There are 2 protein chains.
Amino acid sequence: MEETQENIQFQLTDELLENVQQLIINQDNKQLKVLLNEFHYADIAEILDEINFEEAIYIIKLLDSETTSDILTELDEDVREKILKNLSAKEIAEEVEELDTDDAADIIAELPEARQEAVISQIEDEEHKAEIQELLAYDEDTAGGLMAKELVKVYGTWTVAGCIRRIRGQAKDVTRVHSIYVVNKEEKLIGRLSLKDLITAKSEEKIADIAKDNVDYVNVKDDAEDVARVMAKYDLEAIPVVDDELTLLGRITIDDIVDVLKEEADKDYQLAAGITQDVDSDDSIIELTRARLPWLFLGLIGGIGAFIIMEGFQESFNQYAVLFFFTPLIAAMAGNVGVQSSAIIVQGLANDDVKGSVNSRLIKEMLLAALNGVILAIFLFVFVWAYNGEMDKALAISVSLVAVIIIAGLIGTFVPLFLNKRGIDPAIATGPFITTSNDILGILLYFWIAKLILGI
Amino acid sequence: MEETQENIQFQLTDELLENVQQLIINQDNKQLKVLLNEFHYADIAEILDEINFEEAIYIIKLLDSETTSDILTELDEDVREKILKNLSAKEIAEEVEELDTDDAADIIAELPEARQEAVISQIEDEEHKAEIQELLAYDEDTAGGLMAKELVKVYGTWTVAGCIRRIRGQAKDVTRVHSIYVVNKEEKLIGRLSLKDLITAKSEEKIADIAKDNVDYVNVKDDAEDVARVMAKYDLEAIPVVDDELTLLGRITIDDIVDVLKEEADKDYQLAAGITQDVDSDDSIIELTRARLPWLFLGLIGGIGAFIIMEGFQESFNQYAVLFFFTPLIAAMAGNVGVQSSAIIVQGLANDDVKGSVNSRLIKEMLLAALNGVILAIFLFVFVWAYNGEMDKALAISVSLVAVIIIAGLIGTFVPLFLNKRGIDPAIATGPFITTSNDILGILLYFWIAKLILGI
């Protein structure tokens, strides 16, 4: 069997896409199946994301539902939405029957309300149906929204041999057995053991005696991002989910957590860059405009604000035109410092390592900004003086720069901390938001201080 | 055993820290041990990150090496470095004996060269020592740098019963058994099976008959970030690592991949915000300055460039002072559009879904920027006209804005694609780099176009 091993790197080439499209045009189903069966379902999903919609539907209808159900879970959300629109409730129910309860519930939750009912009513396996309905009731941003009902559960009173016999049945429905959860007769979680523990134990031992009794768990209402953080921190591969009475309800596995962490990081990154969440480079121009234009509009308003401020100072600075030429520098520095300091705080909050008082954070940022500001200001002072020969202007510009940098740093530190305290995602405070407000404030401050120093 | 279950949320409070510090002052070792034993080692690491260095050393010397070795792996790098400096080679070797080979090698790799030798020579377990030495030879950014030697390996010729018997021995050394790897007599990877497969199989079956023969694997020289991407994409919890001859060398587990993904996301986020990688909010002012100042300096140079450009246009635009007041607006819009478009490309490259030709990307971005630009320009035109009453100036400013936005979008799209093609991390093209170059170019373009339209 040595030939079948494969290094896992998959390359989606133009040749491959053309090959797939040609086979569809030729309706060469046999060859198409042979070709696609070589690939992992996640790779087939990538192919479907790239070809046109009719071609994608053709492939979905061609392959068996065991494969297509997995493909569906990996598709881009907008491609999946279009494909599901073209499948009947019965066809969707067949796909859903193949999936674990968590993936099944996620797919059904994306359908319009009316279709959800229709699809659920077509699910034949009554137990699967009831479990999916239970999962649909949970908020998607909670542990309940992440968990699956598939798990291996044993009673503390069983012996190792009896347990192995019984879990043979349960394990068939569970893709990966991370842990075996031990419950008492009220179905409450009382312990956990690994398959390894089971395999290395003597067959007559009692489960209660070999189980670890300090099980970590999360509550079904816990926030999904908190669960992700906790599982990453403690290197957990699965965690049981319980209700307030400790009744075992489901389990969350690390692969879902990887997705949560990735989505969270992507969202924060996009917010920092001034893009409203959830677009990627393949989205349509209209979708991308909807994500980008609001932030640009904010920038435009800020720019108009800067214009009005500068116009207001025009009279006073009639003799000092040179000062106006430094406004882009002042605005850029205020923006950069603001983004730097807010990014550090936002990231610290995301990694849960911002501790201590707000005041000590602000004092630290003030010292840091002052240090950076003075270094930069000295450089600027020397340049302006050498270039322009007028020490008073050079002084006015440099001193303002230090003040602007300090204020920008403080705002960048304070705003995300403040938002976080109010329960608002601090990541919205990065990027254009901080840049724009710092731009305006920076320019205003700059002219004030310059006026003061130059005695106008 | 019901009382011992615990919801996994850990809160590092000031009270807890004071409590720990007081117990250290009182040298109340017994109480301190009782208190700390309640916590997960990752939580104890958080405590050590917050208290002062002498206190941290006190706790490390107090607890047994089984716990402290795990704590060491979770500490902030700078705290760990200080603590290791204070331990003898013998003490470090004792910690390292407790760890899996991958964590052990990571810790040793952080030591100065001279100490590495000393520590390795003190490791008593010869096999562990040899394995760590092997791992130290791999580059940390490769699959070899991530993998551990701990795995469960069986031969295809064994029976299920024989296999269970034999792996009882192996599994004791392996914290988590994800997969059992099947090798032939040349130690080459030929298949894989799960403990679940083993437990549900009949005891007289041959391993070769029940093993899955299409095993995914990575080469020991593969890039760590590629391995992370692949494991996240295919929802893998562990992957075997082989050499060019398919000899099984080790395995990589998902918990290490979660760390790689998090580090990568943090680094990209920081680069976008203009922070050189690897600082957090608790680092010293000097370290933070070193990470932030270079980018600010770049901004300063950009601002001086903008000043020189504006001064150059001063003569021509003597009658048009109002145009100068829009330079912060132009610079801000150029910067924002550049960051948006580069961020989308950088993220697309990181998620490996930027396909197709560079030209089609650029055409799309041009259309997108043109659409956004025209909408914003119409708004700006109406404002300037209404505010100022001069249509020609309003027109000059608005038309330039469209041109600036298009060029900024193209630069933001092209630069990361170009860097990526050259094998340079495209993330460095986001943030201050794009902002600064777009600021200068935008202002230059703005005055050129205004000059043309106003016929100066």
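The lining of the second largest cavity has, by class, 14 nonpolar, 11 polar and two charged residues. In this count Ala, Val, Leu, Ile, Met, Phe, Trp, Tyr, Cys and Pro are nonpolar, Asp, Glu, Lys and Arg are charged, and the others, Gly among them, are polar.

Good morning, colleagues. Before I continue, a word on the source. This is a predicted model, in which local features need pLDDT of at least 70 and side-chain atom pairs count only at pLDDT 80 or more, while totals for chains, interfaces and linings use all residues. Residues are numbered from 1 along each chain as its sequence is written, chains are lettered from A and ligands numbered from 1 in the order in which they are written, and side-chain values use heavy atoms, with hydrogens and water left out.

Let me return to the cavities. A cavity is a set of points, on a 1 Å grid over the protein atoms alone, where a 1.4 Å probe fits but cannot get out, and its lining residues have an atom within 4 Å of a point. Grid points are joined across faces, edges and corners, and the volume is the space filled by probe spheres set on the points. By this rule there are nine cavities of 30 Å³ or more.

The second largest cavity, with which I began, has a volume of about 380 Å³. Its lining comprises 27 residues, and those nearest its centre are A:Asn336, A:Thr435, B:Asn336, B:Val339 and B:Thr435. Which helices supply at least two residues each of this lining? They are α19 and α22 (432-454) of chain A, together with α19 and α22 (432-454) of chain B. The largest share, seven residues, comes from α19(A). Helices here are DSSP runs (H or I, at least four residues), as are strands (E, at least two), and they are numbered from the N terminus.

The largest cavity holds about 530 Å³ of space. It is lined by 26 residues, and A:Leu261, A:Ala265, B:Leu261, B:Ala265 and B:Asp266 are the closest to its centre. Both chains contribute here: α16 (254-272) and α19 (327-350) of chain A, and α16 (254-272) and α19 (327-350) of chain B, each supply at least two lining residues. By class, this lining has 12 nonpolar, four polar and 10 charged residues.

I turn now to salt bridges. A salt bridge is a side-chain nitrogen of Lys or Arg within 4 Å of a carboxyl oxygen of Asp or Glu. Over all chains, the search finds 34 of them.

One of these is formed by B:Lys233 and A:Asp43, whose closest N and O atoms are 2.5 Å apart. B:Lys233 lies in helix α15 of chain B and A:Asp43 in helix α3 (residues 41-50) of chain A, so the pair joins two chains. Buried means under 20% relative accessible area, exposed means over 50%, and partly exposed lies in between (1.4 Å probe, protein chains only).

Another salt bridge pairs A:Arg292 with B:Glu365, with the closest N and O atoms 3.1 Å apart. This pair also crosses between chains, from helix α17 (residues 285-313) of chain A to helix α20 (residues 358-388) of chain B. Both A:Arg292 and B:Glu365 are buried.

A further salt bridge lies within chain B: B:Glu187 and B:Lys153 have their closest N and O atoms 2.6 Å apart. The pair links distant parts of the chain, 34 residues apart, with B:Glu187 in the loop between β3 (180-183) and β4 (189-193) and B:Lys153 in strand β2 (residues 152-155). B:Glu187 is partly exposed, at 24% relative accessibility, and B:Lys153 is partly exposed, with a relative accessible area of 24%. Salt bridges that share partners also join A:Asp43, A:Glu46 and B:Lys233 into one network.

Finally, I come to the backbone. Most residues other than glycine have a negative phi. In this model A:Glu187 has a positive phi, near 70°, and sits in the loop between β3 (180-183) and β4 (189-193) of chain A. A:Glu187 is partly exposed, at 25% relative accessibility. B:Asp235 has a positive phi as well, near 50°, and its place is in the loop between α15 (224-233) and β6 (238-242) of chain B. B:Asp235 counts as buried, at 13% relative accessibility.

Thank you for your attention.

Terms used: On a 1 Å grid over the protein atoms alone, a cavity is a set of points where a 1.4 Å probe fits but cannot get out, and a pocket is an open set with protein on both sides within 12 Å along at least five of seven lines; lining residues have an atom within 4 Å of a point.
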